[in-house]
Amino acid sequence: MKKENIIEVRGIHKTYKSGFFGKRKTYALRGIDLDIQKGEIFGVLGPNGAGKTTFLNILIGQLETDEGSVKVMGHDVTRNFSNNIKTRMNMCSGNPNFPWSLNVEEALRFYGMLYGYSGKDLKYRIEHNIELFDLDKNRKVLYDELSTGNKQKLAMAKAMLNDPEILLLDEPTTGLDPDIAQKTRKLIKKIHGKSDITTILTTHIMPEAEELCERIAFIRNGQILAMGTKKELKKMTKTKDLEGMFIALANQ
Amino acid sequence: MRSRINKILAFTYRSYIFSKRNFYAFVEILFWPAIGVISIGMMGNFLSLSANMRAFLLTGAIVSGALQVTQVDVAYGLLFDVWSKSLKQTFVTPISHYDYIIGSWLFGLIRGIIVYVALGGFSMWAFHFYLPSAQIVVLSIIGIFLSALIIGMSVIFIILFFGQRIVEIVWMITTIIMLICGIYYPVNMLPKAVQYISAIIPITYFLEYFRTGYGFKPVFSHPLAIGFTITAVYIIILFLLLNIAHKRARQNGMIIKLSE
């Protein structure tokens, strides 16, 4: 049975203008169409500069499209990204940045308050995520003094503060040691297994996509070159694994 | 309602933590304003100024100290995120401009009041400064802190619209405003053309109203009514402009640029 679409994207284009009078143009997205189903882990793959992060920034409301439409949870968010939708989503990026003068606990308190939580509810959410992401030993450590792995854990903990229905993960294991990357992937699976959370993941680490994603869209030069389940994509490109698929599509 | 208050207080909380961890912030709160007050007070003694003339000058130094601390705190509402490159993290949460501006302003109010009380108290002790009636003091100070809100909001608007590279110019403009609003002199001392600019700056009116308490006749009539009216108009316009700047930042990727 086909699941309900939680995100519907139709013909989106995004161009960055720079230089004098915006004459220099970089075409980041050129006509993206896709549907993401409720509860799935959807992978967005592609080489550097393909438009993956631009796409995610549009989905989370930090960028506006030039053309096309975006519907999230049934609401058209193309021009107006309401706070009601933001309350139900969250994002975690690789190499995250947080206010440098806050320690782990304070950062979680600050972001929790931004979602409107206070009192016991806020305290529970902070403690729950500190425990879930194994941050207890570092709760009083300033963000600036955290290791890369712990910064990533904090980013994940922050992204789970509001129990999002949609979680966007932008290269969440970039720059991490293999063991920490593996732990992060386990955490993503654990979170996904516990709830009906829809996860959209961008990565160019193929074993990660192989391990986590149910369906995948491959983007290059701002366009979707292929989309489907891992099996379908491998069949389409006549390759044995996603690594082979990536190379085949990237060089197409 | 409770949720809105929590969002506002989140920024007050963050400003408090930053302030607590940043030694310079403690120095900044009193050091430069105190230097200003001591300089003006000593100059007043040297020139053997009358009590009301000395109060005129010290009012400028005290108000300017409190105003600068508060306006900077409002701007920090956005600048902390720009400096930490965490603007995107903040803007993906369900907040509005109102939340981070008012939250930061509340912290600025606390610091501004501390500066005002400390400098006023010191001036009374060291330079025989005196305050006019409670009504004049309270109404003028409310106006001054609202003016700080306007300056801080203008800084935020300019950063969101033009990006971080323009920050230094913005701080220069805020200093020039102090010259134009008649911080140490009546505005009719300024060239006629500059007086037209003074007339559109709310602080001008609140300073004038404050000084009526020392027997000085205001250059502009009804300073309090005009001051509060244009303050309200500016605040409404600035919130509208911030929405436009944010919309534009979503279109041209400024939020992302400020987060990288």
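## Sheet and nonpolar core

In this predicted model, strand β1 of chain A, residues 5-18, pairs with β2(A) in the antiparallel sense over eleven bridges. Between these two strands, the hairpin has five residues, and Gly19(A) takes a positive phi near 80° there.

Individual positions along this pairing can be named.

| Residue | Relation | Residue in β2(A) |
|---|---|---|
| Glu8(A) | bridge partner | Asp35(A) |
| Ile12(A) | stands opposite | Ile32(A) |

The pair β1(A) and β2(A) belongs to an open sheet of four strands in chain A, ordered β2-β1-β4-β5, with antiparallel pairing. At the edges of this sheet are β2, residues 24-37, and β5, residues 75-76, both of chain A, and each of them pairs on one side only. Strands of a sheet pair through backbone hydrogen bonds, either parallel or antiparallel.

The nonpolar residues are described next. The largest nonpolar core has 139 residues. The residues with the most contacts inside this core are Leu59(A), Ala107(A) and Leu168(A) from chain A, along with Leu58(B), Met153(B) and Ile156(B) from chain B. Helix α3 of chain B, residues 51-83, provides the largest share of the core, namely 17 residues.

Which residues does Met153(B) touch, leaving out residues up to four places away in sequence? Met153(B) touches Val74(B), Ile101(B), Leu238(B) and Leu242(B).

Definitions and conventions: Residues numbered from 1 in each chain as written. Chains lettered and ligands numbered in written order. Predicted model: local features only at pLDDT ≥ 70, side-chain atom pairs only at ≥ 80, totals over all residues. Pairing = 2+ DSSP bridges. Core = buried A, V, L, I, M, F, W, Y, C linked by C-beta atoms within 7 Å. Buried ≥ 20, exposed ≤ 12 C-beta atoms within 10 Å, placed from the backbone. Contact = placed C-beta atoms within 7 Å.
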